[in-house]
Amino acid sequence: MSDAGSRPTLALGLWVALAALVIDQGHKLWMIHVYDIASRGRVTLTPFLDMIFVVNPGISYGLFEQSSMTGQYLLSGFAAVVAVALALWLRRQTGRLRAVAIGFLIGGALGNAIDRPIYGGVADFFSAHAFGFYWYIFNLADAFIVAGVAALLYDSVFENRKKAAKTA
């Protein structure tokens with residue numbers, strides 16, 4: 001694969017990453033400094049979704065909780081390394097869906113990495129729940145990461161079907 005063939009998808013993925021990062025960080029700034037979610041407590045949006053301000057000092061579901069700023073910097077550094085690895089992977093892609101998916105992953109990872117030195121953890125706002133069970137509090141960066149993973153899975157399944165159909 002030539003570099004010329006990957007430039008449009010590289011640019012697409014990087015623009016998606018930048019957009020995801022800007023949207024995530026803008027939303028966090030608005031929620032904290034304009035909407036002042038911390039003073040509002042829990043705000044009901046739907047029967048299964050609330051807004052609330054929580055700082056997660058760990059990673060998903062509070063795993064690997066880091067109470068020190070050194071730990072937060074280490075988690076941010078890890079996320080930055082992951083984002084660089086994803087950018088290198090993005091550079092080799094030719095498919096638009098895969099480029100968008102990787103862009104979402106990069107933007108989401110960097111959005112959460114930026115939070116750690118600022119807030120002492122990742123700023124989360126949306127609380128998903130059902131039947132009295134509260135299981136997940138997330139932010140837009142997390143939603144971008146989930147969308148990126150879902151798009152990669154979709155692309156993988158349907159790309160394999162296309163390859164199988166061509167060889168049959």
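**Close-up views of a predicted model**

**View 1. Arginine 40 and the ring of tyrosine 35.** The charged end of arginine 40 sits over the ring of tyrosine 35, at 3.8 Å from the ring centre. This view, like those that follow, is taken from a predicted model. Tyrosine 35 counts as buried, because its relative accessibility is 17% and the cut-off for buried is under 20%. A search of the whole structure finds 7 aromatic pairs. In the pair formed by tryptophan 30 and tyrosine 35, the ring centres are 5.3 Å apart and the planes meet at 25°, so the pair is stacked. Tryptophan 30 is partly exposed, with a relative accessible area of 41%. Tyrosine 35 therefore takes part in the stacked pair with tryptophan 30 and also lies under the charged end of arginine 40.

View 2. Phenylalanine 104 belongs to helix α4 and phenylalanine 144 to helix α5 (residues 140-167), so the pair ties together parts that are 40 residues apart in sequence. Is phenylalanine 144 buried or exposed? Phenylalanine 144 is buried, at a relative accessible area of 16%. Phenylalanine 104, at 22% relative accessibility, counts as partly exposed.

**View 3. The four-stranded sheet.** An open sheet of 4 strands has the order β1-β2-β3-β4, and its pairing is antiparallel. β1 and β4 stand at the edges with a single partner strand each, so one side of each has no neighbour in the sheet. From one strand to the next, the twist averages 40°. Helix α4 (residues 96-119) packs on the sheet and touches β2 and β3. The direction of helix α4 makes about 115° with that of β3.

**View 4. The hairpin of β1 and β2.** Strand β1 (residues 43-46) pairs with β2 in the antiparallel sense over 3 bridges. The two strands, β1 and β2, form a hairpin with 2 residues between them. Which residue of β2 stands opposite threonine 46? Threonine 46 faces leucine 49 in β2.

**View 5. Pairing on both sides of β3.** β2 and β3 run antiparallel and are joined by 6 bridges. In this pairing, methionine 51 has phenylalanine 126 of β3 as its bridge partner. β3 and β4 also run antiparallel, joined by 5 bridges. Here phenylalanine 126 stands opposite phenylalanine 138 in β4. Ring pairs link Phe126 and Phe138, together with Tyr136, into a cluster.

**View 6. Two residues with positive phi.** Most residues other than glycine have a negative phi. Aspartate 36, which is not a glycine, has a positive phi near 55°. Aspartate 36 lies in the loop between α1 (3-34) and α2 (37-40), and is partly exposed at a relative accessible area of 35%. Phenylalanine 131, likewise not a glycine, has a positive phi of about 55°. The loop that holds phenylalanine 131 runs between β3 (122-130) and β4 (133-138). Is phenylalanine 131 buried or exposed? Phenylalanine 131 counts as exposed, because its relative accessibility is 88% and the cut-off for exposed is over 50%.

View 7. α3 has 23 residues. From its first C-alpha to its last, α3 reaches 33 Å, close to the 33 Å expected at 1.5 Å a residue. Which residues of α3 are buried? Gly71, Gln72, Leu75, Ser76, Ala79, Ala83, Leu86 and Leu90 are buried in α3. Serine 68 is found in the loop between β2 (49-56) and α3 (69-91). The relative accessible area of serine 68 is 35%, so serine 68 is partly exposed. The C-alpha atoms of serine 68 and glycine 121 are separated by 9.7 Å, while the two residues are 53 residues apart along the chain.

Technical notes:
Residues numbered from 1 in each chain as written. Predicted model: local features only at pLDDT ≥ 70, side-chain atom pairs only at ≥ 80, totals over all residues. Heavy atoms only, no water. Buried < 20%, exposed > 50% of the residue type's maximum accessible area, 1.4 Å probe, protein only. Expected span 1.5 Å × (residues − 1). Pairing = 2+ DSSP bridges. Axes fitted to C-alpha atoms, helices over the stretch in contact; angles between N-to-C directions. Contact = heavy atoms within 4.5 Å. Phe/Tyr/Trp six-rings, centres within 6.5 Å; stacked < 30°, edge-to-face > 60°. Lys NZ or Arg CZ within 6 Å of the ring centre and 35° of its normal.
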